[in-house]
Amino acid sequence: MWINGKLTNGNSTESFPVINPATEEVLAEVARGTPQDAEAAVQAAKAAFPEWRRTPANQRAQALHRVAADMRLHHDELVRLLTLEEGKPLPENEEEIWWSEETFDYYAELARHQRGVVIPPGDPGQFNFVLHEPWGVTACIIPWNYPILLLMWKLAPALAAGNTVVIKPSNVTPLTTLRIAEVALAHLPPGVVNVITGYGAETGEPLVLHPDVRMIAVTGSLEVGQRIASLAAPQMKKLHLELGGKDPMVIAPDVDIETAVSGLSYAALINTGQVCTSTERVYVHESIFPHFTEELADFVGKLRLGNGLEASTDIGPMIRDKDRSKVDDQVQEAVRSGAHVLTGGKRPAGFERGFFYEPTVLVNVDHSMRIMQDETFGPVIPLMPYRDFDEAIRLANDNQFGLGATLMTHDAQLVKRFFEEVQAGTVWINDPLTDNFAGPFGGMKMSGIGRELGQEGLDEFTQVKHVHWDIEAGLKDFWFPYGRED
Ligand code: NAD
């Protein structure tokens, strides 16, 4: 763990293994944090807060730029370590670490350029203004699928805004986070950032329940988000929740089929389909459905599975055996209800080790099936034909989640209808899953509360205070006693 500026096993006497999902080998044993470790991390963050909060924005910006620079010095090592513990192919982790470094630069600059707001006073002789203040000790609870990117989308704005932080990485992927603490966070004043490793119930919940933690920023599953929200409610904590998704893609009849097949495969299969914004359901206009699905199955069937460290790998392993089983259960249940597998649908031959699953294309599906309703979080592409655009939008919105949605078309009329009517926090036209530092990211409906990135992503980490100042300090005629005559 990393508490008060030091690597430590804390109070822990036990450890847990971190497994390479491509080989099933144990990469490392990591300290199994306890509630006492959570307490120590919160106390360190609490002690560091008054000074960090008062550190001028320029100096905080310099500290954040230095985090980015120190990460860049260790870039290749971090990319490789992330592939070892999470499984994604190296090019995807190049992207994740690059994005993480840039996020620190982005928020360093954004925070340095903040301006306040002075509002019109109710009377002459008064002065009214609005302050943005940090929340204090902030807990950042992180999933395994983009363990560094999703951490940095929280940590950079939290620090830029003057908060101090306790990070709880996923127990599945703590190694790259710990290495970043050592090589890039070490120059920050002790206690400004702390990392506690362990299981959600043992180290995450004590943070959620701790009265000195005023804000909790979580990326994770809907179930964990609901549990954290219910635990935090009695203390009225600020919650920032980035939860699950079941993103639709609509493919209009005017698309270039080769381009759309390639774009869909990327959107559904990057990180082996383990992205909150993975395309998980596809609606293709009926006029092109047979040709499109045939081309898609051919393209997907040729993708190369393998260890993410190898340059020839397109698709890495899934993260754990239990996640692979969940995906296979959804596929087999759909098949029992009439779905047809065009390619994939099973564990690949020749991979005795590693949590691999064949990229899968399914047709003959409908909205009564779990594969079209529940988050799958695996390499599966189920497709349905639609008759007209009303039906496409109705199907796209027929889900509890509302994280992202994609439309593939050149038709501006369809684009306008889609971005106005689709219920999703991000809408992509022709370029799925591309983020923008200045573009707020987050979900509608059950996909969460709050936004990351952009100005909105910084504002989340501040609370607002309105100051009303009567400079003349005179007696008011509306004070007691009523009816007073001057
Ligand atoms: P998870 O919900 O199992 O765990 C997320 C984190 O919460 C982990 O660090 C875990 O240890 C911690 N945790 C678990 N129980 C806790 C508790 N009771 N109190 C405090 N902390 C607790 O999620 P995961 O399997 O790591 O990640 C996959 C999920 O994350 C998917 O549902 C995916 O959609 C979602 N996700 C969402 C986004 C987004 O931006 N909306 C991005 C990536 C992943």
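Me: Which hand does the crossing of α9 and α10 have?
Reply: This is a predicted model. In it, α9 covers residues 257–269 and α10 covers residues 289–301. Where α9 passes α10, the crossing is right-handed.

Me: How many charged residues are in the contact of α9 with α10?
Reply: On the α9 side the contact is made by I257, A260, V261, S262, L264, S265 and L269, and on the α10 side by H291, F292, E295, L296, F299 and V300. By class there are nine nonpolar and three polar residues, and the number of charged residues is one.

Me: How are α4 and α5 oriented to each other, roughly parallel or roughly antiparallel?
Reply: The axes of α4 (residues 90–112) and α5 (residues 149–160) come within 9 Å and cross at roughly 15 degrees. The cut-off for roughly parallel is under 35 degrees. α4 and α5 are therefore roughly parallel.

Me: Which residues form one aromatic cluster?
Reply: With ring centres within 6.5 Å taken as a pair, the count is 14 aromatic pairs. W99 and Y107 of α4 and W153 of α5 also belong to the helix contact. The cluster is formed by W98, W99, Y106, Y107, W153, F437 and F441.

Me: How are α3 and α6 oriented to each other, roughly parallel or roughly antiparallel?
Reply: α3 (residues 75–86) and α6 (residues 175–184) pack with axes 9 Å apart at an angle of about 155 degrees. In the contact, E77, L78, L81, L82 and E85 of α3 meet L175, T176, R179 and I180 of α6. These residues divide into five nonpolar, one polar and three charged. Angles over 145 count as roughly antiparallel, and α3 and α6 are therefore roughly antiparallel.

Me: Over the face of which residue does K88 lie?
Reply: The distance from K88 to the ring centre is 4.4 Å. The cut-off for a charge over a ring is within 6 Å of the ring centre. The ring is that of Y146.

Me: Which residue other than glycine has phi near 70 degrees?
Reply: The residue is in the loop between β19 (426–429) and β20 (444–445). Its phi value is positive, and the residue is L433.

Note on methods:
Residues are numbered from 1 along each chain as its sequence is written. This is a predicted model: local features need pLDDT of at least 70, side-chain atom pairs count only at pLDDT 80 or more; totals for chains, interfaces and linings use all residues. Side-chain values use heavy atoms; hydrogens and water are left out. Axes are lines fitted to C-alpha atoms, for helices over the stretch in contact, and angles run from 0 to 180 degrees between N-to-C directions. Helices (H or I, at least four residues) and strands (E, at least two) are DSSP runs, numbered from the N terminus. Angles under 35 degrees count as roughly parallel, over 145 as roughly antiparallel, 65 to 115 as roughly perpendicular and the rest as oblique. Contact means heavy atoms within 4.5 Å. Rings of Phe, Tyr and Trp (its six-membered ring) pair if their centres lie within 6.5 Å; planes under 30 degrees apart count as stacked, over 60 as edge-to-face and the rest as tilted. A charge sits over a ring if NZ of Lys or CZ of Arg is within 6 Å of the ring centre and within 35 degrees of the ring normal. Ala, Val, Leu, Ile, Met, Phe, Trp, Tyr, Cys and Pro count as nonpolar, Asp, Glu, Lys and Arg as charged, and the others, Gly among them, as polar. A crossing is left-handed if the near helix is turned anticlockwise from the far one by less than a right angle, and right-handed if clockwise.
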